[in-house]
Structure formats: C-alpha cells, structure tokens
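Trainee: I would like to learn how to read helix packing and a metal site from a set of coordinates. Could we work through an example?

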Amino acid sequence: MKREKAVELLNKYIKSDHIFKHSYAVESVMRSLAEKLEPDKIDFWGITGLLHDLDVDTVDWKKDPGLHGPGTIEILKKENFGNEEMYHAILAHNEDTKVPRETVIDKALYAADPITGFITAIALVYPDKKVKSVKVKSITKRMKEKRFAAGANREAMKSIEDLGIEFPEFCELSLKAMNNISDLLGL
Ligand SMILES: [Fe+2]
C-alpha cells in the first residue's frame, strides 16, 4: 500500500480545503499513535487516517449519516486500494454505521479523528492562530467547557485511555503531530 496512491485518491475525491487539512492532521496523529501502539504498522495507520473521510464530498451523509464510511469503502474497492483491516477501522470511526470498534486501529482512529478538530478550534482562539501556542492544559481546560466546540466528541477523545494512553499524553502527542505539519495545516 503506497502513500503516494493514497495522496492521489485524496486529491481526486476531496474538494473542501478543511477536510483536506483534517485528513493530513489525522494521518499525522495516527502515525504517532502507531509508533506507540503498533510500531510495525506506522505507514498503514497513517494511510488509514489520511483516507478515513474520503467520501465526505461524495456521499449525501447529511441525509443519511450512516452512508459516511461505507461510501469510502466503495471508493477504495473501486480504486483497488486498502484491505479489510483498513475498511473496518474506517467504518467503525462513524458510530452511525453501527460497526463496532474492535481492533486497536479502530479505537485509535475513533479518538484521533475528533482531537484534531478540537486542537484546531483551540488554536484559532489565539492571536497567532498557531498549534504551537496550544498547551496540553488548554486542551484539558477546554474539554470541560461544554459550549466550546460543542460538536467535538469529548467521549471519543477520552476513549484513547482504553488503549492505555493517558489523556494528557494523547494531547501532547497530537499537538506534536499537528505541529510537525503546521505549514500544511496553515496553523
Ligand atoms: Fe474525520
């Protein structure tokens, strides 16, 4: 499985700039999580993160939220890319598919997805709008403010603890991962 091909698919199917950036952010966090949890699968985890939202500009998920996920699998099969492990993680990251999270990568993707948006929302509050201005403490503080980035699924982010990673450590890792690609993210 080649990352170049995954990037090609991203360019082909993603139209919105924010989903494009979000895909790269999730890739970066997934790579860092793999370093800790499945170090022989860093590229695979990264590619899965990169492609997890591939269908959002294609399927009408606002009408039926359960279509988000299956739409990506359809694209990936048509493009002859990915494997069952990847498909399962992508399906399970959207609760509306009713596919249970079973494997380590399933659970990692479920937590990595919302934290990138949450960190972005926090960064945008700072005058310089930079990820490097965000501290672990600002994330844990914002977690308790229910009205801040209300759409960000706190329970999903916290579920990283099921994989034996403490939440502050997950914040630190995610901040570093996003800071590594800050130019690309424009943050
Ligand atoms: Fe996502």
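Mentor: Note at the outset that this is a predicted model. Start with a pair of helices: the axes of helix 3 and helix 6 approach within 11 Å and cross at roughly 45°.

Trainee: How are helix 3 and helix 6 placed relative to each other, given that angle?

Mentor: Angles under 35 degrees count as roughly parallel and 65 to 115 as roughly perpendicular. Helix 3 and helix 6 are therefore oblique to each other. The crossing of helix 3 with helix 6 is right-handed.

Trainee: Which residues make the contact between helix 3 and helix 6?

Mentor: Helix 3 contributes Phe44, Trp45, Thr48 and Gly49, while helix 6 contributes Val104, Ile105, Ala108 and Leu109. Sorted by class, the contact of helix 3 with helix 6 has 6 nonpolar and 2 polar residues, with no charged ones.

Trainee: At what angle do helix 3 and helix 5 cross?

Mentor: Helix 3 (residues 42-51) and helix 5 (residues 84-92) have axes that come within 10 Å and cross at roughly 45°. Helix 3 and helix 5 are therefore oblique to each other, and their crossing is right-handed. On helix 3 the contact uses Phe44, Ile47, Thr48 and Leu51; on helix 5 it uses Glu85, Met86, Ala89 and Ile90. These residues divide into 6 nonpolar, 1 polar and 1 charged.

Trainee: Are helix 1 and helix 3 roughly parallel or roughly perpendicular?

Mentor: The axes of helix 1 (residues 3-13) and helix 3 come within 10 Å and cross at roughly 5°. Helix 1 and helix 3 are therefore roughly parallel to each other. Arg3, Ala6, Val7, Leu9 and Leu10 of helix 1 meet Ile47, Leu50 and Leu51 of helix 3. The contact of helix 1 with helix 3 has 7 nonpolar residues, 1 charged residue and no polar ones.

Trainee: Now the metal. Which protein atoms are the donors of the iron ion?

Mentor: To read a metal site, list the donors, then check the angles, then see where the donors sit in the chain. The iron ion has His22 (NE2), His52 (NE2), Asp53 (OD) and Asp113 (OD) as protein donors, 2.1 to 2.2 Å from it.

Trainee: What is the geometry of the site of the iron ion?

Mentor: The site is irregular, with angles of 81 to 170° among its 4 donor atoms. Along the chain, the donors follow the spacing H-x29-H-D-x59-D. Histidine 52, in the loop between helix 3 and helix 4 (70-78), and aspartate 113, in helix 6 (residues 104-123), are 61 residues apart, and the pair links distant parts of the chain.

Terms used. Residues are numbered from 1 along each chain as its sequence is written. This is a predicted model: local features need pLDDT of at least 70, side-chain atom pairs count only at pLDDT 80 or more; totals for chains, interfaces and linings use all residues. Side-chain values use heavy atoms; hydrogens and water are left out. Axes are lines fitted to C-alpha atoms, for helices over the stretch in contact, and angles run from 0 to 180 degrees between N-to-C directions. Helices (H or I, at least four residues) and strands (E, at least two) are DSSP runs, numbered from the N terminus. Angles under 35 degrees count as roughly parallel, over 145 as roughly antiparallel, 65 to 115 as roughly perpendicular and the rest as oblique. A crossing is left-handed if the near helix is turned anticlockwise from the far one by less than a right angle, and right-handed if clockwise. Contact means heavy atoms within 4.5 Å. Ala, Val, Leu, Ile, Met, Phe, Trp, Tyr, Cys and Pro count as nonpolar, Asp, Glu, Lys and Arg as charged, and the others, Gly among them, as polar. Donors are N, O and S atoms within 2.8 Å of the metal (3.2 Å for Na, K and Ca); water is not among the atoms, so sites may look incomplete. Four donors count as tetrahedral if all angles lie between 85 and 135 degrees; four count as square planar and six as octahedral if opposite donors are over 155 degrees apart and all others between 65 and 115; anything else is irregular.
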